[in-house]
Amino acid sequence: IAYLGNDKGYGIEKGSFTNDDGTKFSNKNEFLLRWGNAITSVRWNHILGNKLFMNTAVRYSKYKFLIGNEMENEIKMDDRTTNESFLFEYSSSIEDWAGNIDWDWVPNSNNYVRFGVGNIYHTFTPGVTQLQYNTDSSPELDTTYGSQVHTAHEWYSYIEDEIKIGDKFKGNVGLHFTGFLVGGKNYLSLQPRLSGRYLLGSKSSIKASYTYMTQFLHLLTNSGIGLPTDLWLPATERVKPQNSHQWATGFARTFKKKYEVSIEGYYKAMDNLIEYKEGASFFDSDKDWQDKIETGKGWSYGGEILIEKKIGKITGWVGYTLSWSNRQFDNLNFGEVYPYRYDRRNDIGLALTYEVNDNVNFGLVWVYGTGNAVTVAFERYLPSADGLNYYSSIEHIESRNNYRMPSYHRLDFGVNLKKEKKWGTRTINWGVYNAYNRKNPFYLAFEDEINNGRKLYQYSLFPLIPSFTYNFEF
């Protein structure tokens with residue numbers, strides 16, 4: 001199995017003006033955003049008897065991320081032309097080599113046991129910065145520097161038993177033991193997992209679960225309105241892994257043998273989370289990322305209702321989630337609780353499939369989500385006497401993540417045409433992504449206009465995109 005993907009986003013701004021003395025200024029500003037994944041794996045399965053099955057796999061993966069800005073300026077004065085260019089690029093990557101052996105064991109009809117071991121060798125490159133500056137009158141500057149590369153071994157073992165007790169109870173009991181060896185530090189974690197479901201007659205059931213988890217990867221994201229700069233960073237000798245306790249409970253009921261309604265609630269408590277310090281960002285390239293973060297805690301909780309239709313020509317589901325995700329850091333936001341950037345208060349999903357016959361079906365998906373929480377300064381002070389020196393302005397921010405970006409929603413539509421051939425099955429898919437061309441927010445930015453003052457603008461990606469897929473199975 002192999003996959004290779006590279007995505008690129010960019011935006012270009014051009015402008016020019018002429019002074020009273022006839023000097024002409026022209027500029028071009030281009031932002032760069034690239035990310036990609038390379039994944040490959042080899043698997044070997046083997047049946048060791050009537051009750052034991054083994055699966056062995058070796059995997060390789062690499063994730064790359066780059067964000068940057070390139071500027072070109074041209075100044076024409078009399079018969080002389082001066083050119084200058086500036087390039088800033090910030091990149092990060094994660095490269096993994098992994099192997100695992102998993103077993104499935106069925107000792108009897110009431111127990112299904114899974115157990116295994118594995119190891120992942122990580123290479124983290126948290127941030128490399130490249131700067132280039134060139135003018136007609138000075139030598140070219142080209143320098144590259146960045147954070148320390150971290151390598152780590154993440155090893156784990158686990159065992160779980162799916163248990164049936166009578167006709168009404170089904171549960172899962174598991175234990176996950178893992179370690180993360182980075183530098184001279186070895187973090188160890190013992191993680192229990194419990195879940196159970198009990199049937200209340202033939203149409204209803206209740207369920208509950210508890211999970212303790214340790215994660216050795218941290219997500220460090222900017223809280224401002226600019227380009228999203230999500231960076232995945234490892235636990236280190238200085239930065240502890242994050243931990244969480246999660247509880248969940250739910251109720252489900254079937255109506256008329258074809259509709260199922262379920263209601264669930266959850267609560268998750270987390271600690272050892274990281275955020276940028278006040279005023280810090282990935283642009284502070286002269287500092288190691290470990291010197292730019294604060295450590296705190298967080299909570300996520302909410303409820304979901306799902307209605308699903310499983311039988312008939314029209315099948316599908318609709319779900320609604322109401323949730324909160326908050327953070328608290330002693331040295332951020334005056335120690336007060338604030339919403340996380342990806343706090344999505346309302347989330348709606350709808351998926352429908354219409355089977356015309358065995359060879360033709362139509363499908364649509366509609367999603368809606370509350371916009372991300374970002375930090376916006378609603379007041380700005382200009383200390384210069386003429387009020388024109390925007391570079392020395394001081395912004396006043398009431399609280400962290402105090403503004404919501406516009407909501408996200410889109411409609412996807414597709415049709416599948418299937419036909420049985422002599423050597424297999426051919427399927428043709430015609431689809432449309434973002435069918436009504438919703439301009440969903442990717443990031444926001446303030447721009448200063450001479451006659452209209454300062455305005456907040458939205459930048460979007462992925463308009464209406466048609467697609468075609470041809471698939472042949474034999």
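**Burial, salt bridges and cores**

Reply: Asp343 counts as buried, at 0% relative accessibility. The model is a predicted one, in which local features need pLDDT of at least 70 and side-chain atom pairs count only at pLDDT 80 or more, while totals for chains, interfaces and linings use all residues. Residues are numbered from 1 along each chain as its sequence is written, and side-chain values use heavy atoms, with hydrogens and water left out.

Me: Why is Asp343 called buried?

Reply: Buried means under 20% relative accessible area, exposed over 50%, and partly exposed in between (1.4 Å probe, protein chains only). Asp343 has a value of 0%, so the residue counts as buried.

Me: What makes the contact of Asp343 and Arg404 a salt bridge?

Reply: The term requires a side-chain nitrogen of Lys or Arg within 4 Å of a carboxyl oxygen of Asp or Glu. The N to O distance between the side chains of Asp343 and Arg404 is 2.3 Å, so the pair qualifies. Strands (E, at least two residues) are DSSP runs, numbered from the N terminus.

Me: Why is Arg404 called partly exposed?

Reply: Its relative accessible area is 29%, a value between the 20% and 50% limits, so Arg404 is partly exposed.

Me: How do you know that Arg114 forms a salt bridge with Glu162?

Reply: Their closest N and O atoms are 3.7 Å apart, which meets the criterion, so the pair is a salt bridge. Arg114 belongs to strand E5 (residues 111-135) and Glu162 to strand E7 (residues 150-165), so parts 48 residues apart in sequence are tied together. Arg114 is partly exposed at 23%, as is Glu162 at 24%.

Me: What makes Arg238 exposed?

Reply: Its relative accessibility is 53%, over the 50% limit, so Arg238 counts as exposed. Arg238 meets Asp291 in a salt bridge (2.7 Å, N to O); Asp291 is partly exposed, at 37%.

Me: Which residues touch the most other members of the largest nonpolar core?

Reply: They are Leu220, Leu231, Leu233, Ile274, Trp289 and Ile293, in a core of 18 residues. A nonpolar core is a set of buried Ala, Val, Leu, Ile, Met, Phe, Trp, Tyr and Cys residues joined through side-chain atoms within 4.5 Å. Another core, of eight residues, lies apart from it and includes Ile94 and Phe124.

Methods: Helices (H or I, at least four residues) and strands (E, at least two) are DSSP runs, numbered from the N terminus.
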